[in-house]
Every structure is written in structure tokens, then in C-alpha cells.
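Hi everyone, thanks for coming. I'd like to walk you through one structure this morning, so please have a look at the screen.

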Amino acid sequence: MTGPAREDKGFFMQTRQTRRNFMKRNLIQSIIIALLVAATGLVSAPVTAKAGTAPLVSTEWLAGNLGAPGMVIIDVRTAANYDFGHLPGAVSMPYSGWEPYNRKTRCQMMPSVADLTATLRSLGVNRSSHVIVYDAGNTALDATQGGAAVWILESMGQGNVSYLDGGFTKWTFEGRPIDKIKPAPKAGDFTAKLDPSKVATLKDIIANLKTKEAIFLDDRRAVEHFGIEKRPDVVRYGHIPGSLNFPADFMTNAGINRGPATIRSKKELEAMAEGVGLPMDKNRKIIVYCNSAQQAGMGYFVLRDIMGYRNVQAYDGSMLEYAQDKKLPLVRFAWGFVTE
Amino acid sequence: MNTYKVRLAALFAAVILIAGASAAAAAGMQKLVSVDWLARNLKAPNVVVLDVGAFTQYERGHIPGAVKAFGPWQTMNGEFVGFMMPKVKDLVRMLRSYGVNNNSHVILYDEGVTAQDTAKSARALWTLEALGHDKVAILDGGFAAWKQAKKSVSGEPVVPSPGNFRGRLIKSKLATMNEVKKALRSPGVVFVDDRLPEEDFGHEKKSYIKRFGHLPGSRLWPADFMTNAGIEFSPSFMRDMSELHQMAKGVGIPADKNAEIITYSNRGLQAAMGYFVLHDLLGYKNVKLFDGSILEAAADRSVPMKTNGWGYKRKM
């Protein structure tokens with residue numbers, strides 16, 4: 001399923017390649033990739049992506065497919081970063097626009113259907129588009145921005161979405177071209193439609209506290225899960241009773257040998273899922289949460305699109321919303337995987 | 001006298017008894033002393049105050065009468081695989097040079113800023129207890145708390161008159177590599193990992209540690225969680241007893257105070273915090289410190305280490 005990304009051979013080697021070698025290899029790789037993708041399509045249809053796209057694409061793959069018809073590349077870094085230089089042809093939608101402050105819930109939430117429709121149309125996104133999301137790709141936190149954007153796109157009905165592995169950092173480390181040209185896309189026909197099976201609300205959380213139908217998965221750092229630290233704008237310490245803890249920080253290779261924040265291998269992720277206590281049954285319902293749904297969006301992307309868990313929701317309000325209601329239980333000074 | 005009054009009187013008596021007993025226990029062997037207590041008892045006979053902080057700190061200012069006790073409390077062992085307890089005779093000589101006698105009431109303190117500082121006092125406390133000297137306590141919050149309380153500070157180095165301390169190693173305090181290997185095969189022994197969660201999970205490691213991960217089945221209780229260091233600029237005060245009790249349960253330590261427990265960390269420093277909290281504050285009777293800790297275990301390929309997961313989880 002992640003054929004293109006698997007080809008990763010280390011970027012330092014690649015920078016030493018001559019341009020010609022590079023292109024030749026790209027051609028061969030494109031063919032291999034095309035065959036691989038076709039093969040995976042035949043053997044097991046990808047869960048989200050339409051035939052022909054992998055949820056995780058490598059920089060090599062993208063370099064070979066820049067400018068492909070129907071492709072929209074969205075840069076989720078800050079506007080300043082985008083202005084300084086971005087992937088050729090990329091449009092800008094900074095992360096602040098994906099999870100703006102919501103007055104009603106008094107925390108960061110995904111945009112309304114109308115807002116997202118308008119924004120994405122202005123960026124040239126059509127119903128038939130293949131959207132590629134990329135982030136700064138330097139730290140684990142950077143990667144969560146791209147991951148959350150993928151979750152929001154999929155939750156709003158855009159099925160054909162891919163995440164660029166390693167983001168802008170890996171792209172530039174490899175000496176690939178960037179430019180300052182801002183494309184002026186033709187307005188798209190994308191229409192957002194919320195898919196509630198991918199987004200959990202506070203109501204769902206409260207219901208699940210009783211039914212325990214879904215497994216709560218906390219994607220924050222372990223210190224936050226245990227209730228030692230918290231974000232200042234989260235009003236209470238601790239985790240939702242019975243949560244498992246799978247920090248989003250563990251899902252990338254960020255910082256290892258100064259490498260970019262590429263997604264860990266599927267084998268490692270499977271081992272981690274077991275190591276944090278997740279069931280091997282990919283049909284079990286899982287509700288992922290964090291502080292603002294940023295890390296949870298990453299958890300959704302990794303669990304659903306990469307590992308193939310079929311029934312994953314991210315809780316949009318997350319701890320910023322949940323902790324506001326003092327009547328709702330929070331457990332402190334314990335690991336959820338021990339006490340529940 | 002009606003039965004109601006009798007019952008009330010009995011209840012009253014019981015309350016007094018219990019209160020008396022716990023007060024006596026606290027006075028008998030207080031393992032954590034406050035700044036006020038130390039200020040009052042600084043000149044008490046047999047009180048020996050040891051500053052285990054960095055030696056440069058001592059020169060700048062210390063608690064009046066405190067002896068500079070920089071150590072070494074740990075040294076490289078012969079095989080250079082662990083940062084371990086020095087030879088007993090060297091430790092005895094060192095403690096005598098600090099003026100420690102067998103009847104001394106030793107009070108240890110450190111910089112008191114981070115949990116890592118407190119771990120130095122905990123390591124010294126474990127060393128003394130491992131040599132059979134139980135009359136030892138840690139100053140809660142260390143030098144940072146002392147200064148915050150505006151107690152007097154001295155720059156005068158203290159030259160103690162040599163003590164006559166005699167001690168020998170109490171084997172039940174220390175777990176060797178071989179014992180740990182055996183214990184890993186016995187399901188009854190509880191291992192406690194006192195490092196950071198990221199280190200336990202195998203996501204990060206210190207550069208001097210050879211392998212990622214934790215000893216299989218370990219409970220994770222980071223030493224950093226045990227103090228209030230850094231919370232609203234607080235010195236490294238130990239967390240409340242109620243919180244420590246809650247954490248012990250929350251990380252999966254059995255309720256049975258006779259449970260066999262082995263604490264470990266990277267190099268036996270945070271593990272000493274685990275020992276101090278479990279043994280001296282929470283009253284677990286069979287706590288050992290794995291002296292070589294992960295520094296030694298990771299270098300030995302025959303020791304299993306688990307990555308990509310939390311050590312202990314309940315079956316769901």
C-alpha cells in the first residue's frame with residue numbers, strides 16, 4: 001500500500017546522484033511504483049485512497065509526478081514559510097486554518113463545512129482531485145499538522161488524499177527544487193460533507209464512557225497522559241478513564257540521526273500498536289484524542305490509512321473541550337493501560 | 001452508662017491510640033525532613049549534614065555546618081560497564097572523613113532544583129542504608145528550599161573531625177546483573193523503570209546506553225514524576241504522600257508491601273529515587289536497586305530488552 005515510500009534509500013546518497021542518474025532512476029522507479037500500486041490495488045484495495053494512490057507518498061514519487069493532472073499540493077506550514085519557498089506548484093493553507101478557534105466550544109475545531117468548501121475551492125480543489133498534503137517535516141509535531149490535515153480532508157469527504165513522507169525538510173535535504181511562484185488556481189468544485197464516522201463529538205465521548213464500545217486512545221505525550229504536565233489552555237490534568245497512550249511523537253523518525261519526520265515503518269507501527277495495548281482486530285472501534293485534535297489527527301492517519309484499522313474516529317474538541325466540563329471524569333497519576 | 005456512651009469512649013480511645021502510634025512512627029524514623037526541622041536541629045548532637053550537590057555549589061554557599069560530600073558515591077566498575085557503588089571499604093573511609101559515626105543522624109541535601117538533583121540525595125541515602133545505616137534522611141526541597149525559606153547560608157568550608165563509622169554491605173539492598181537475569185525469569189519480581197517514558201518505550205536513549213528499550217514486564221514510574229520540581233518555580237519538594245500512593249497504584253506496583261521489587265534507571269541515579277520513595281516513604285520492605293542498571297544490562301546481549309511498547313499492561 002505504501003510502495004513509493006518503501007523505496008526510501010536515505011537522502012544523503014541521493015544528493016550525490018547526478019541529475020541524469022536521478023531522472024533515469026525516477027523513470028524506472030515510476031514504472032516499479034506503478035506496477036506495485038496496481039498490484040496492491042488488485043490484492044487488497046486500499047481502505048481510503050482510490051485506486052492508484054497511496055496514503056503515504058515519498059518525495060521521490062512526488063518529484064516524478066509533479067504537475068500531474070488533477071493533483072493539488074497543499075502546504076500546511078505558516079504563510080511566511082510558504083512565501084520564502086515551497087514545492088513547485090503548491091498552494092498554501094497554513095495549519096491555523098485547519099483548526100481555527102471556535103467560539104462556541106471555546107477551543108480549536110475543524111472549520112465549518114461552508115468555510116472549508118470555500119477555502120478549498122479557492123485553492124483549486126475539485127471532487128476528482130488528488131490532494132497531496134505536506135508539512136515542515138522536521139519535528140514530530142510538524143508531522144502532526146500534515147496528519148491532521150489529512151484527517152480533516154477525509155472527514156470532509158475528500159477520499160483521494162496523500163501525505164508527503166518527510167515533508168518539506170526531506171524534500172529540501174534531497175536538493176529538490178523549490179520556488180516562490182504562487183499559483184493562481186481556477187476555482188474548484190469541491191464540496192465538503194462531514195462524515196461523522198471519522199469525527200467524534202463530545203456527545204460521542206460521553207456516550208462511550210458508559211458503553212465502552214470504543215477504545216480511547218490518547219496521542220499526547222506520556223507526561224500529559226499521566227497528568228504531570230498539561231497545556232496551559234487545557235484546564236485540567238489527566239486522561240479519559242481507560243485510555244491507552246500512544247504518543248504521536250513516537251510515530252515518526254524525527255530526530256533520529258538528525259533525520260526528517262518520516263513516518264515509522266508499518267512493521268514498527270504494528271509493534272507499537274501492540275506495545276501500547278491496542279487490539280490486533282482491525283475492526284475494533286477506536287476514538288483518538290489529544291489536546292486539540294492535531295496529534296489525534298495524526299493518530300487517525302497512521303491507524304486508519306497506514307495500518308488499516310477500519311473504525312477510527314478522532315475527537316475534534318479533544319482535551320481542550322473535554323476538560324472544561326468539570327463533571328466529566330479525568331484520571332491523574334496513573335497509566336490508563338495499567339488501571340483499566 | 002449506656003452502650004452508646006461506651007462505644008463513643010471506645011472509639012475515642014482508638015482514635016487517640018492510632019494517632020499516637022502514627023506520630024511515634026513519624027518521629028522515630030523520619031526519612032524526609034523539612035527546612036524548619038533542619039533549622040531547629042542543625043546543632044543537635046549527632047546530626048551530620050552532608051551536601052551532596054556539585055562541589056562548585058558548596059563553595060558559593062551551603063547550609064551552616066554542612067560537610068561537602070561530593071563523593072564519589074558511584075564509580076566505574078572494573079569492566080567499565082556500570083557506574084556503580086564503590087568498594088565498601090572506600091565508602092566507609094569516605095563517610096568517616098565526612099564525620100559520620102554509627103550513631104550519627106545523617107541529613108542529606110542537594111541543589112534541590114530538579115528531580116535529578118534530589119536523585120543524588122536518594123543515591124547517597126540508598127548507599128548509607130545499603131551499608132546498614134538507617135538513621136538517614138533527605139532535606140525536602142534541598143538547598144533551593146532552604147534559600148527560599150531565607151535560612152542562613154555559610155561560605156565557610158567545614159572541616160569535620162573524622163568519624164568512626166563501621167558498615168558492611170547488606171546484600172538485600174542491591175541487585176547484581178546475575179540476580180536481575182534470574183529475576184527476569186521469575187514472574188514474582190516487580191521491575192520498576194524510573195527513567196523517562198520515551199526511554200522506557202525505546203523511542204529515545206542516552207548516547208552511552210548500548211540498546212533501546214526496557215526490561216520486559218517493567219512498571220514505568222519516572223523519577224521526574226516523584227517531585228514537584230519546576231511546577232510554578234517550586235523547588236524539588238517530594239510530592240504529597242497521597243499522590244505518591246496514588247502513583248504507586250497507577251503505575252502497577254502491587255499493594256502487598258512485601259512484594260519483591262527491583263528499581264533501575266540508566267545508571268542507578270533515578271533508580272535510587274524509586275528506591276527511596278518505595279522503601280522509605282511508602283514502606284515497601286523488599287526493594288533492591290539494580291546498581292548496574294540499563295548501562296550494564298544493555299551492554300550484555302543475553303539480557304532481553306523490549307522496545308516499541310510500555311512494559312506492563314493489564315490484560316484487556
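Before I go on, a word on the ground rules. This is a predicted model, where local features need pLDDT of at least 70 and side-chain atom pairs count only at pLDDT 80 or more, while totals for chains, interfaces and linings use all residues. Residues are numbered from 1 along each chain as its sequence is written, chains are lettered from A and ligands numbered from 1 in the order in which they are written, and side-chain values use heavy atoms, leaving out hydrogens and water. Helices (H or I, at least four residues) and strands (E, at least two) are DSSP runs, numbered from the N terminus.

Back to our strand. β11(B) and β12 (residues 286-290) of chain B run parallel, joined by 4 bridges; strands count as paired if DSSP finds at least two bridges between them. β11(B) also pairs in the parallel sense with β9 (residues 190-193) of chain B, over 4 bridges, and there B:Phe191 stands opposite B:Ile262. Is β11(B) mostly covered or uncovered? Mostly covered: of its 5 residues, 260-264, 4 are buried, with buried meaning under 20% relative accessible area, exposed over 50% and partly exposed in between (1.4 Å probe, protein chains only).

Now for the two chains together. Chain B brings 22 residues to the contact and chain A brings 26, counting heavy atoms within 4.5 Å. How many salt bridges are there between chain B and chain A? The count is 0, taking a side-chain nitrogen of Lys or Arg within 4 Å of a carboxyl oxygen of Asp or Glu. On the side of chain B that touches chain A, α8 (197-201) and α9 (241-250) of chain B each supply at least two residues, and α9(B) gives the largest share, 5 residues.

Finally, some backbone details. A cis peptide bond joins B:Gly71 and B:Pro72, with omega about 10°. A:Phe333 is not a glycine, yet has a positive phi of about 60°; this residue is buried, at 3% relative accessible area.
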